[in-house]
Amino acid sequence: MKYNKLISWIIPCFNEQEVLEISIRRIIDFTAYSSHYDWEFIFVDDGSKDNTRDIIKSYNLQDDRVKLVGLSRNFGHQYAVQTGLNNAYGDAAIIIDADLQDPPEIAKEMISKWEKGFDVISGRRVERVSETFFKKISASCFYRILNLLTEIHIPLDTGDFRLIDRKVIDTLKQMPEKGRFIRGLVSWTGFKQTQIKYKREPRLAGKTKYSLKKMIVFALEGLTAFSSRPLRLATIFGLVCSFFSFLAILYVLYIRLFTFAWVPGWAGLAVAILFATGVQLISIGILGEYIGRIYDESKGRPMYIIDENLGFSKDKD
């Protein structure tokens, strides 16, 4: 007897009660387009404080394909995604946020590419409706700087909205590092990858969970997770500043010895403070980021803690 392929939807949620019911219905309605696949919908509640978890439970009573993994607190978006992947049964998984900025209907094209042999099909944002100018520019710069500094190629303007094959899921599950940067890890795995362009829609309801602070932390996570080049840059920057410092010292000596346009003490202070201190602070900051990652890994804590799950077989972790 021939069985349909199973596709898992991974939907991380954090305080999404305003949009969640619409999101669930839209995703489920979309999957009715084909009887050639079986579906499961894994909603990962990342420590929500509103009614997000109760909404998921109510839909589980109506449709046993809707499953819940409830985390004990807010561990962060990337850990929520990994939680969903760790609990997915599917031959492939589609990662999508609950805010409907990424249209579920794009998954039809992703599935078509998957059936043609691609292992990773990423959604590439060619237009970001309603996002601020700062958000668009900062996101664009981030991906380009990331590719400049890292040893792997991460597709430009892609988020976590993508379809990945079971062998990619299994590979991600074997990676033990705590600092999760899913889109970077997926690119690192290799395999056969492609992209689908789409227009990103505005949030249907609720507020974005990515504040400026979280975006900065996320960017640093990506940079330090996949490249040691910032450490090299710190060394190069130190050498360059030392060179200019040497020139400044020659200038100061010239002013001191051959002119009368000098004030006692200003030259040495200027050179020392402006050059040496600046180089030290920048270098220490870069080193601190890497040392922090080492510290996090050395503690050996789990990536997340599951407080509750619903709809899974007893033998599923």
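Start by selecting strand β4 (residues 92–95) and then β6: the two run antiparallel and are joined by 4 bridges. Strands here are DSSP runs of E with at least two residues, numbered from the N terminus, and two of them pair if DSSP finds at least two bridges between them. What you have open is a predicted model, where local features need pLDDT of at least 70, side-chain atom pairs count only at pLDDT 80 or more, and totals for chains, interfaces and linings use all residues. Residues are numbered from 1 along each chain as its sequence is written, and side-chain values use heavy atoms, with hydrogens and water left out.

Now click isoleucine 95: opposite it, in β6, stands arginine 162. Stay on β6 and colour by burial. 8 of its 8 residues are buried, so the rest of the structure largely encloses this strand. (Buried means under 20% relative accessible area, exposed over 50%, partly exposed in between, with a 1.4 Å probe and protein chains only.)

Next, pick phenylalanine 161 and tyrosine 198. How far apart are their ring centres? They sit 5.5 Å apart, with 80° between the planes, an edge-to-face aromatic pair. (Rings of Phe, Tyr and Trp, the last by its six-membered ring, pair if their centres lie within 6.5 Å; planes under 30 degrees apart are stacked, over 60 edge-to-face, the rest tilted.) Phenylalanine 161 belongs to β6 (residues 158–165) and tyrosine 198 to β7 (residues 193–200), so the pair ties together parts 37 residues apart in sequence. Phenylalanine 161 is buried at 2%, and tyrosine 198 is buried at 3%.
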